[in-house]
Amino acid sequence: MLPKIDLRRLGYLALLFDIGRMRAFARRSEIGLVLAGIIIGITSGLAVTAMSAISSRLHSLIFGIADEEHLSASNLQGHISVLIAPVVGGIILGLLMMLLAKWRKKPMVDPIEANALHGGRLSLTDSIIVAVQNLISNGFGASVGLEAGYTQLASGIASKLGISIQLRRSDLRTLVGCGAAGAIAAAFNAPLTGAFYAFELIIGSYTIVSLTPVVVSALIANLVARLLSAGDFTIDVGQFGAVVPADYLPALLLGVFCAGMGILLMKGVSLIEGLARRSAIAAPFRPALGGMVVGLLAMASPQVLSAGHGALHLNLASSPAIPVLIGLFLLKSFASAVSIGSGFRGGLFFASLFMGALLGKLFAFTAPFIFAHATLTPVIYAVVGMSSLAVAVIGGPLTMTFLALEITGDFPITALVLAAVITSSLVVRTTFGYSFATWRFHLRGESIRSAHDVGWIRNLTVGRLMRLDVKTIDVEATLEDFRRDFPLGSTQRVIVVDGGKYAGMIQVPEVYASPVESTPGTQSLSSFIRNTNDFLLPNMNAKQAAALFDSAESDALAVANNLIERRVVGLLTESHTLRRYSEELDRRRREASGEI
């Protein structure tokens, strides 16, 4: 009689076999990574389209505008809804914050931090929460864009897929970049912009291996979004003139001007956040208060509401007077700073484009009086200003250059924009040193300057590298005691302790090389003790340890448990640290190039 066959078990085994084959294919084949990029492109396009549709529907329901109308271009000046809606949105966001605080203790990680510190590992649950918070903020009129939610959700989906098929660290980081690339490409109808956004801001580097999946993801996401939304997010700059060599000098000056304004904007956001934290107002109540301020500003001009898509097109198509441009720039910058500083979720990507266009138009009034031979039109100044302020705040010179190319289709203007954004980026990096995202990391105490992978360096800690078999001696011991306990050749170094605390280090060969002879019981060890205040901590990484070896001018240092107790827990040599660091760095490079 044949044994009974469990068909369900066979089905599970077949499924596991297929998943195993998928994992092996994705890990060992570049084509497998490209196929994963295609999947992420599709999901990114769907995510952007869904979030955009929900935001548009919220604007229609809350503010009573038509479905095809942009909130920031609506005729709602003085309307009571623009005052009440941001406050209501702040209350809802505050209640959500209170609910999250009960079970979510760790801060949420964004794609840049995930790729820099966690090898591309990003919580999909957290990403969905951030997207919902971003939708509430934008939908109720807070002066923030949806780009943060787009990239967070798309990257979270990408990370989840990569973890499920057990991708290597470098491939997982690339897949997170695919999600961000798809999100930005779909949002702006600009696949090249999306791809370089991923390379410059999310992955932190460009490699041949990462090129194809990232670009494919951007192209697919853009195609999906265009099929579903018919180009709702295309930036139309209208008619523009030609570019001559004399136009480069005013463009460079505009880049410097935008860099300064971008730094002021970033500091303004951090100033408002700092004031909010130092105040007696609890965090869940801050968005409602911020919403009240935004609502009052919107009563003066609804163009400060939401990201500013409609307001951008409105100002590109018209010629506002200088006082109007100045007033609108101040209102929008203050509204954006208050929105983010008070706790609304969102980013400054599109807001910086809008404000940059205002600065460009403003610059266009004065340029003809300073640069007599310049031929730039106000629209071209607006495009240069958009890219220059965006690169100052967001970063990514090539990202913003390709955005200018894709919205104008004009190579001479693109070259002009490239010169301006490089200037703006250089000024920001040399005088300020941060983009908006990395500046916020800095305020939290993080040292991240980009998405370049430094997580493995942090994991290579002194606690993992140190030796545990350390030799110690009490500071009150005599030279005779030392020579009795540690004969020449028994060990290289001995740690001196004082009541259990680290007190220094003695090199054994130095003691035996000294011509001083001791009278029994009298000669102390004090003349041989070195590095009394130089020691390592277990949570230091290899890079920090190497720097301390240099500053202490020692080839070995003791490891103490903390700065207070200073209890000796190990010993680490410089040669071992540098060897392990080099081995790990070489392994990461080979992994990134696909050799392992």
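Leu 405 counts as buried because its relative accessibility is 14%, where buried means under 20% relative accessible area, exposed over 50% and partly exposed in between (1.4 Å probe, protein chains only). This is a predicted model, in which local features need pLDDT of at least 70, side-chain atom pairs count only at pLDDT 80 or more, and totals for chains, interfaces and linings use all residues. Residues are numbered from 1 along each chain as its sequence is written, and side-chain values use heavy atoms, with hydrogens and water left out.

**Around Leu 405**
- You will find Leu 405 in helix α16 (residues 397-408); helices (H or I, at least four residues) and strands (E, at least two) are DSSP runs, numbered from the N terminus.
- Setting aside neighbours within four places in sequence, Leu 405 is in contact with Asp 410, Phe 411 and Thr 414, contact meaning heavy atoms within 4.5 Å.
- Between the C-alpha atoms of Leu 405 and Ala 190 there are 9.2 Å, although these residues are 215 residues apart along the chain.

**The whole protein**
- The protein has 24 helices and 5 strands.
- Of its 596 residues, 53% are buried.
- Among contacts with a separation of 6 or more, 74% are between residues 24 or more positions apart.

- The mean pLDDT of the protein is 84, with 86% of its residues at 70 or more; pLDDT is the predictor's confidence in each residue, from 0 to 100.
- Confidence is highest in helix α5 (residues 124-139), at a mean of 94, and lowest in helix α1 (residues 7-28), at 52.
- Take care with residues 12-17, where pLDDT stays under 50 and the model has 0 contacts beyond four places in sequence.

- Asn 134 belongs to helix α5 and, with a relative accessible area of 1%, is buried.
- The side chain of Asn 134 comes to 2.7 Å from the backbone nitrogen of Gly 149. This is a polar contact, a pair of N or O atoms within 3.5 Å; within protein, one must be able to donate a hydrogen and the other to accept it, and residues adjacent in sequence count only if both atoms are side-chain atoms.
- Beyond four places in sequence, the contacts of Asn 134 include Val 144, Leu 146, Arg 345 and Gly 346.
- Ala 283 sits in the loop between α10 (248-278) and α11 (286-300), and its relative accessible area of 31% makes it partly exposed.

- In helix α23 (residues 542-552), the buried residues are Ala 542, Ala 545, Ala 546, Leu 548, Phe 549 and Ala 552.
- These residues lie on the same side of α23 because they cover an arc of only 160 degrees around the axis, the arc being that of the directions from the helix axis to the C-beta atoms.
- The face turned away from that buried side carries the exposed residues Lys 543, Asp 550 and Ser 551.
- Asn 541 caps the N-terminal end of α23, with a side-chain oxygen 2.8 Å from the backbone nitrogen of Gln 544.
- Just after α23, Glu 553 has a positive phi of about 55 degrees.
- In strand β4 (residues 556-560), 5 of its 5 residues are buried.
- Strand β4 runs antiparallel to strand β5 (residues 568-573), and 5 bridges join them; two strands pair if DSSP finds at least two bridges between them.
- Within this pairing, Ala 560 stands opposite Val 568.
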